[in-house]
Every structure is written in C-alpha cells, then in structure tokens.
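Colleague: I am new to this structure and would like to know how its descriptions are reached. Please show it before we start.

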Amino acid sequence: MTTAQVDRSTQEVENEPLLQADGVSKTFVSGTFRKHYTRALDTVTLSVPESPPTITAIAGESGSGKTTLARTVLGLVEPTSGAVIYRGANVANMSRAEHAEFRREVQVIFQDPFESYNPFYKVDHVLRTPIRRYNLASSKSEADDIVEEALRTVGLRPEETLGRHPHQLSGGQRQRVMVARAVMLKPKIIVADEPVSMVDASLRATILETLRAMNRDLGISILYITHDLTTAYQLAENIIVLYKGRVAESGSVDSVINDPTHPYTQLLVSSIPQPDPETQWGREQEARDEEDAEIAGCNFYDRCPLRMDECTVSDPPLYRTAPNRITRCYRYAESPVHLAPDLRSVFA
C-alpha cells in the first residue's frame with residue numbers, strides 16, 4: 001500500500017461518522033377516540049465524527065424538539081421515520097452485545113440531577129452500579145480508585161462527596177457527580193441535556209469548563225442541548241438551531257451567533273442581554289404578534305418579521321449560505337448550492 005493510500009484510508013476513518021441521526025422524524029400520538037398528532041422532529045439529520053472529538057450545541061426555545069432529538073439519539077425514543085446509526089449499525093436493530101456497548105459509549109447528563117438519584121441510596125450507589133454492570137474493576141480497591149479519580153476529574157473531593165445522600169449535596173455537586181459517572185465509563189459521546197440550567201451562575205462556568213476539559217483531554221465528543229445561546233457560544237464549536245422540530249440554521253457557533261441569517265436565530269440572538277444600557281432587548285427584531293396560522297409553507301411564517309409571499313407556498317429547503325453554513329429561508333434561494341434536509345456535510 002502506498003503512502004497516498006495510507007493517508008486516504010486514515011482520512012476516511014477520521015471522516016466516518018461515529019454517531020448519525022439520518023433523517024429522523026418523531027410524531028407523538030395522544031387521545032383515545034380523537035387522535036392528536038404532534039410532530040416533535042421533522043427530518044433532522046446530524047452526525048458526530050469519529051475524529052476529531054467535537055462539541056456541537058443543539059439550541060432552540062422550549063418545544064423546538066431539542067430534548068426529543070437528544071432522547072432519540074440516545075435510543076430512549078424510537079423515531080417514527082429515519083434511523084440513528086452508531087458505528088454503522090442501526091440502534092433499533094442492535095444485538096444485545098452491540099446495544100450494551102452503545103449504552104456504555106454514549107452517555108447522558110440530564111437537566112435535573114436529582115431525578116437521577118434514588119433518595120434512599122447514598123451517592124456512592126450511582127457511581128458503583130456502572131462499575132459492576134460493565135465489569136470495570138476486578139476488586140473493591142480498584143473500584144474505589146476509579147470512583148475517586150472520576151470525582152477528582154470533575155472537581156469534587158471524594159472525602160466530601162462519598163457516603164452522603166443526594167439531599168446532603170448541593171445541586172451543583174449532584175450534577176458533577178453525574179458528570180463523574182459519565183466520565184468513569186470512558187464514553188465516546190456525552191449528550192448533555194441542559195446540564196447547567198438548574199444550577200446557579202457561580203457553578204455554570206465550572207461545569208462548562210469540566211465539559212470542555214473532557215472534550216479536550218479525554219477525547220469525548222459532546223452534544224450540548226440548550227436554550228441558552230450564551231453558554232452555547234462559550235462551550236460549543238458548532239451549533240444547530242431548531243424551530244418546531246426542524247433545522248432553521250446551522251454552522252460554526254461564531255458565525256451563527258455573530259451573524260445569524262435565519263429570522264428565528266436573529267430573534268434568539270437579539271434577546272440575549274446586552275451590556276450596553278442604551279440597547280433595549282429585542283428591539284433589533286420584533287416578531288409579529290399574531291395567532292398561529294395553518295399554512296403549507298414555512299413553519300416560522302406566523303412569527304417572521306421578514307416573511308414573503310412565497311413563504312406560504314411550500315416549506316423552504318436548506319440553502320448553503322457559506323462554506324459551513326446552512327439556512328432554511330427563501331431569502332437565500334439564489335445561493336449556488338441547494339441542500340436536501342441534510343447536515344452531514346455542513347461541518348466538514
């Protein structure tokens with residue numbers, strides 16, 4: 001094999017997706033006699049590369065589909081259509097051994113850490129259970145070393161943490177214990193669903209820095225689910241903005257936050273508190289205050305301050321507005337490259 005062939009093979013491995021959501025949609029059905037259908041996700045595609053490890057933010061307001069996407073990627077929610085692929089295998093069709101490996105390598109940090117604990121057990125239980133389940137240690141002393149190392153990794157002192165019940169720890173400590181649990185399994189990916197929304201401001205920076213260190217030092221990719229563009233900007237490299245289950249805009253976090261192209265992203269960015277006392281929040285863009293209208297076109301039409309006639313005809317596709325930027329808006333219909341609803345090549 002020539003040097004060029006070796007380089008090509010290495011490049012193919014680095015670009016091969018580790019985890020991929022391929023055209024994922026999810027519709028929830030409620031009601032007994034009169035069915036009500038709620039489309040929480042609509043043809044969302046994203047991928048996490050094998051190498052290098054990345055941090056991607058999934059952002060949007062409540063009801064945008066962020067948590068549904070996170071749970072679908074984790075295999076906790078089965079998609080109505082599309083598939084979640086991990087290391088080339090459909091998560092829904094994995095064997096027991098493959099699924100066990102998937103569960104170890106793709107970990108989650110939930111929004112409310114208290115819900116992850118059994119209040120009758122000490123916090124030691126949540127740390128030692130995965131060690132037993134995945135046979136991470138051959139002796140009690142080795143298990144103790146793994147637990148203590150994981151706690152120190154997230155900035156906790158074992159002697160001040162172990163032996164306590166969840167209610168005896170602060171919210172920030174409980175959340176960092178869950179981060180330690182995830183780190184202990186040496187995962188490839190961590191899905192962090194609003195991990196700092198229930199801790200005070202003084203601890204947010206600590207937890208965000210822990211996530212950044214895990215990505216930098218341990219090679220763990222992170223999907224960071226958030227409604228807070230400020231923390232997304234601080235932590236992530238790339239961002240996907242969701243609105244009503246669809247991708248509104250995506251690209252590098254610097255370009256999307258500093259120069260948003262979709263009207264919805266512009267509204268989100270304009271709502272971020274500004275240090276200038278002369279600037280009033282949200283004055284740059286104001287959404288139309290009208291009742292929701294059922295139209296065949298853009299799902300942001302009823303709120304869009306820049307809507308056009310063609311927005312009512314059909315839903316706009318994704319347009320590539322820059323080398324690593326895509327936007328779902330007819331204002332960019334003259335862009336040279338028109339994309340299918342696909343994010344595979346956005347961050348390439």
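Modeller: A residue is called buried under 20% relative accessible area, exposed over 50% and partly exposed in between, with a 1.4 Å probe and protein chains only. This is a predicted model, in which local features need pLDDT of at least 70, side-chain atom pairs count only at pLDDT 80 or more, and totals for chains, interfaces and linings use all residues. Residues are numbered from 1 along each chain as its sequence is written, and side-chain values use heavy atoms, with hydrogens and water left out.

Colleague: Why is Q107 called buried?

Modeller: Q107 has a relative accessible area of 5%, and the limit is under 20%, so Q107 counts as buried. Q107 sits in strand β6 (residues 106-109); strands are DSSP runs of E with at least two residues, helices are runs of H or I with at least four, and both are numbered from the N terminus.

Colleague: What does Q107 touch?

Modeller: Contact means heavy atoms within 4.5 Å. Leaving out residues up to four places away in sequence, Q107 touches L74, R181, A182, L185, P187, I189, I190 and V191.

Colleague: What makes V24 count as buried?

Modeller: The relative accessibility of V24 is 0%, so V24 counts as buried. V24 belongs to strand β1 (residues 17-30). The C-alpha atoms of V24 and L69 are separated by 8.4 Å, although these residues are 45 apart along the chain.

Colleague: Why is α4 called oblique to α5?

Modeller: Helix α4 (residues 124-133) and helix α5 (residues 140-153) pack at about 125 degrees, with axes 10 Å apart. Axes are lines fitted to C-alpha atoms, for helices over the stretch in contact, and angles run from 0 to 180 degrees between N-to-C directions. Under 35 degrees is roughly parallel, over 145 roughly antiparallel, 65 to 115 roughly perpendicular, and the rest oblique. The angle falls in that remainder, so α4 is oblique to α5.

Colleague: Which residues make the contact?

Modeller: L127, R128 and I131 of α4 meet A143, D144, I146, V147 and L151 of α5.

Colleague: What makes a set of residues a nonpolar core?

Modeller: A nonpolar core is a set of buried Ala, Val, Leu, Ile, Met, Phe, Trp, Tyr and Cys residues joined through side-chain atoms within 4.5 Å. The largest one here has 59 residues, and L127, V177, Y224, L229 and I239 have the most contacts inside it. Helix α7 (residues 171-184) gives the most to this core, with seven residues. Another core, of 29 residues, lies apart from it and includes A70, F102, V106 and I326.
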